[in-house]
Structures are given as structure tokens and as C-alpha cells.
Amino acid sequence: MAVMRLGYAHVRVTDMAEAKDHYANTLGLYETLSEGNKAYYKAWDEWDHHSVVLEEGGVGLVKYGWKVQYSSDIDEIEKKAQAFGVTVERMSKGDNPEIGDGIRFTTPSDHVFEVYHAATLVGTEVGTHNPDAFPRHLVGVGVPALDHSLITAEDPGLMDRFLGDVFGFYATERVQTSLDDDADIIATWMTNSTQIHQLAVLAGPQGKLHHFAFRLGDWTEVGRAADLFSMDDVPIDVGPTRHGITRGQTVYFFDPSGNRNEVFAGGYLAYPDRPMHVWTPDALGKGVFYHARELNDAFTSVLT
Amino acid sequence: MPTVTIHPTGEVIHLEPGETVLSGLYKAGYAYTVGCRRGGCAICKVDCRSGEFSYNHPVADTVITESELDDGTCLSCRAVPETDVSIELRGENVRLVNRFLHTINDKARQRAEALAAAAVTSGTTHKEQ
């Protein structure tokens, strides 16, 4: 395993005070650093210094950080990215607070990826010595961890190949124009572990964010999150509902700058040898929203 | 308390002080294509044909470009009218989807107009509460 997980999502927000209130008090993330126009957060069951970075000014994605298991993985990914035709630059320890050396490149989809091995260990909120099941005084939804993200790209098929060649990801599910071998890929859900997806790519404009998601345990927690969104006047995009694709249970909602977030629970275990699920356009509505069975207009048009 | 007139149908919607165009229209039973409702996706842009409004939050320059700041572009989820405004949607018309809410808004508008007229007749000026 090279890439272990989506380590951090770094996004722009128009109003830092409102954003902090949302991520800290509604979602329950812990602020680990506030410096200049940036604030850094981790969730309670995460151990590295941060998983969400907020930067004041604008809206949308700045970059993602991907954490690899061994420092040598960075060199291997660098070679593979270069072989794919991508220009890779080195980043130094401290370019991102509490994050070590690594590489940075822009993907064929015009998203900035950083790959790193070292991050300051802060520890989870329950520790490692005879840990309790969860912290007693969670705030708001109390999400345990960042889970995955969905981005848009003009050519999701190209990104499918890129993530396969460079990160060793495999597709667990795809939306294709047909079942033919030469069908176009409209969307792809990719991972390199048993997590059902770490990054998904949907056809759309280059360089855009569809959403980044936080993990929850089950339906009950998803429903409770939706209740809290009503209490805090968080606009709910869709849900609570289930995705046909991944089988996950979900609420899509927007942060105070209009970046889409998700809380996501469930999803079946992925394995590289499991036959990939393929969805065709006639069932796309059911694939995305399993109960409404219709794509709402916002799903494909609202991006930051 | 400003009103929003929808061009070309001429429907008039009453807004509460500080209320955005989007919020006012939805509360009055109308619907149109909107997205994040928080200023990020740019889906709910309309054209402001007359009147003044301001944005109640910082708006990203990727959402409203510099030229859109003074060409009548109105990001309706963040735009708070300062005077009565007239707006026109882009490529669609508002849909009245809830007559009950529309009736409530109509009554609020008539009441506000009656209060304003009474204030003029009695020579007093409207005081902010």
C-alpha cells in the first residue's frame, strides 16, 4: 500500500468566522492551529495534526494531501507521475505546518495534489491506552474522520487511469455510457484499500470540488447529523438518503461559503478482485440517490 | 421594507428588512434554479434591472467577477435590497409553487404599504424598530 488515505482537504472560505463556527461547532472538528488567514482542524478519531485546512478568501478547493505509508513511496509516486507526463515539484517540511517533505503536482484534472509521509502526531481524542469508545464531550455532529472527496474533470476516464497508474487505486464502481468495452467513463469511484472510495471523479469542469465527506457510523448518526443541520440553519442539498453507488448513507450539505460537504456512513468493503459495479445512464438517478431515483439539478451543477 | 418586482410578469414580493432576494422569493412561495444558497456556486444569479442592493457577506471573485459588480448581476442568495428592486431571471421564469405562502406574503406587503401610507398622512416618518 502506497497511499494510505486522503490526509487533508484544503479549501477556501469567504468568511473565516462563519467557517470556523461550521466546522468546529456544527461538525465538531478540533482546531489545532490558526495562523494568518488559515485554520487547521482534525476530527476526534484522527491522530495527525490536521485533516481540514480552511483558507480565507474565495471559495473552492486549494489542494488535497495524500499520506503514504513509507517515505520511499513518495519517490515511487514521483516517478510514476512523471512517467504519466505530469510535472512534479518537491515540497519541503514546513510548506504546510506540521507536514513533512513531499511532492506536489497538478493532476490531469487540474487539481493540486500533495503527497507526504510525515505529519505531526497529535493523537486521537481517546488516546491509545485503554481507550474509551468515543470522547464524552463531542460537539455537534462530532464526526470522527475525513473520509473521501468527489471532484470533477473533463475526462474522468483519464483520471481513472491516472489514479490507477500513479496511486495504484482501483475502481470499485463506475458510471459508463454503456456496458460496451469502449464505453466512456462518466464517473469513477476509486480506492486502494477496503474503503469503498477515497476519491471519486465525475464528468464536469476541470479543477472543481463537488464535495468532501466526513465518516459516520450508521443511519442513526446520519439522521442525527441532519437534525443538527436544521438546528444550525445549514442548507441541506440532499438527504438523508442512500447512494445506490457505494450503498453509503448520506446527507449532502453546504458550508457557509457554499462548499459542499457530506456525512457518509456504511458502504460495503472493497477488494481489488471484487467485480466492479457498473451503472448505466438509465439508472443514474437510482445510483446516486437510491430513494428519490432522480438526479436533482444541483448534483451536477453546483460546484465550487 | 423593500419589495422585489419580477420582470416581466410584474409580480411584487415583500421582503423583511435584511432579507436576501432568494430567501424572500422562496418564502413567498416562488421557486427557481438555486444551488448552495451560500454564495459559492453562482447558480442563482439574476439580473437587477433597477434599484440598489448590497451583499451581506464577502463574495468570492470567482463567483462574481469584477465586471459583474456593476453590470446589474445579482447573486440572489447574498443580495439584500437597499431600495425596491426589479429583477429578471436568466433563461427561466420563477415558478409559483406554493400559493399559501404567496398569500401570506401578499398580506404582509399590503400591511406594510398601508402602514407607510398612514405614516405619510399623519406627517410622521417611519421609525426603525
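1. Chain B contains two helices and nine strands, where helices (H or I, at least four residues) and strands (E, at least two) are DSSP runs numbered from the N terminus. Along the sequence the elements of chain B run β-β-α-β-β-β-β-β-β-β-α.

2. This is a predicted model, in which local features need pLDDT of at least 70 and side-chain atom pairs count only at pLDDT 80 or more, while totals for chains, interfaces and linings use all residues. Residues are numbered from 1 along each chain as its sequence is written, chains are lettered from A and ligands numbered from 1 in the order in which they are written, and side-chain values use heavy atoms, with hydrogens and water left out.

3. The C-alpha atoms of chain B occupy a box of roughly 50 × 30 × 25 Å along the principal axes.

4. In chain B, 43% of the 129 residues are buried (under 20% relative accessible area; exposed is over 50%, partly exposed in between; 1.4 Å probe, protein chains only). Among chain B contacts with a separation of 6 or more, 68% join residues 24 or more positions apart, a contact being heavy atoms within 4.5 Å.

5. Chain B has an accessible surface of about 7,100 Å², 51% of it from carbon and sulfur atoms (Shrake-Rupley method, 1.4 Å probe). Chain B carries 13 positive and 17 negative side chains, the centres of the two sets being 10 Å apart. Lys and Arg count as positive and Asp and Glu as negative, without His and the chain ends; the charges are placed at NZ of Lys, CZ of Arg, CG of Asp or CD of Glu.

6. Over all chains, the whole structure has 20 aromatic pairs (Phe, Tyr or Trp rings, the six-membered one for Trp, with centres within 6.5 Å; planes under 30 degrees apart are stacked, over 60 edge-to-face, the rest tilted). A:Y64 and A:F113 pair edge-to-face, at 6.0 Å centre to centre and 80° between the planes. A:Y64 is in strand β5 (residues 60-68) and A:F113 in strand β8 (residues 112-116) of chain A, so the pair ties together parts 49 residues apart in sequence. Both A:Y64 and A:F113 are buried.

7. A:Y252 and A:F289 also form an edge-to-face pair, because their ring centres are 6.2 Å apart and their planes at 80°. A:Y252 is buried at 3% relative accessible area, and A:F289 is buried at 2%.
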